[in-house]
Amino acid sequence: MLAIGTKAPDFVGTDENGSTVKLSDFSGKKLVLYFYPKDSTPGCTAEACDLRDNYQRFLALGYEVLGVSKDSAASHQKFIAKYELPFHLISDKECVILQAYEAWGLKKMCGRECMGTLRTTYVIDEQGTIIDAVAKVDTKNHTAQLLK
């Protein structure tokens with residue numbers, strides 16, 4: 001994981017609408033940047049819905065929320081529509097952002113090791129510094145982990 005107190009890596013990605021999204025778009029705002037494995041899977045849905053259900057709390061505290069996965073923009077559109085997600089999702093098919101944020105690596109699934117997305121969340125302050133990082137995400141209670 002990237003260390004708290006370090007500068008967040010700059011990124012440029014494409015959201016579900018094909019629009020360009022950059023870290024600099026959030027300059028002057030706090031950002032919850034979360035990385036998740038796959039749209040519409042049980043854990044990822046629980047995490048996204050927890051963030052959705054608490055989105056107004058995040059906004060009231062000056063935070064924006066942005067998700068990143070390897071899924072396509074079309075998959076993100078369906079995920080957002082099905083669960084009424086109020087925030088944008090970046091498609092990172094080439095794993096550029098995932099690797100920059102150390103959210104891509106070796107993981108165990110069904111007793112086998114493979115490369116994949118490591119469920120990770122970073123909170124970035126108004127100046128682009130990482131002020132919190134969560135590696136052991138509680139998908140159903142993620143907001144509580146972030147707003148502790």
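Q: Let's start with C114: buried or exposed, or something in between?
A: In between. This is a predicted model, and in it C114 is partly exposed, with a relative accessible area of 25%.

Q: And C95, how covered is that one?
A: C95 is buried, at a relative accessible area of 5%.

Q: How many disulfides does the model have?
A: The count is 0.

Q: OK, switching topic. What's the chain built from?
A: There are 5 helices and 9 strands. Read along the sequence, the pattern goes β-β-β-α-α-β-α-β-α-β-β-β-β-α.

Q: What holds the middle together, in terms of nonpolar residues?
A: The largest nonpolar core has 20 residues. F11, L33, F35, L66, Y101 and I124 are the ones with the most contacts inside that core.

Q: Which elements do those core residues come from?
A: β3 (30–35), β4 (63–69), α4 (96–100) and β8 (120–124) each supply at least two. β3 gives the most, with 3 residues.

Q: You mentioned I124. What does I124 touch?
A: Leaving out neighbours within four places in sequence, I124 is in contact with A8, L23, K29, K30, L31, L33, Y101, T129, I130 and I131. L33 and Y101 are also on the list of residues with the most contacts inside the core.

Q: What else is there in the way of cores?
A: A second, separate core has 19 residues, including Y34, C44, A48 and F87.

Q: What share of the chain is buried overall?
A: Buried residues make up 47% of the 148 residues.

Q: And how does the overall size look against a compact globule?
A: It agrees: a compact globule with 148 residues would have a radius of gyration near 15 Å, and the chain has 14 Å. The C-alpha atoms fill a box of roughly 40 × 35 × 30 Å along the principal axes.

Note on methods. Residues are numbered from 1 along each chain as its sequence is written. This is a predicted model: local features need pLDDT of at least 70, side-chain atom pairs count only at pLDDT 80 or more; totals for chains, interfaces and linings use all residues. Side-chain values use heavy atoms; hydrogens and water are left out. A nonpolar core is a set of buried Ala, Val, Leu, Ile, Met, Phe, Trp, Tyr and Cys residues joined through side-chain atoms within 4.5 Å. Buried means under 20% relative accessible area, exposed over 50%, partly exposed in between (1.4 Å probe, protein chains only). Helices (H or I, at least four residues) and strands (E, at least two) are DSSP runs, numbered from the N terminus. Contact means heavy atoms within 4.5 Å. A disulfide is a pair of cysteine sulfur atoms within 2.5 Å. The radius of gyration is taken over C-alpha atoms; the globule rule is 2.2 Å times the number of residues to the power 0.38.
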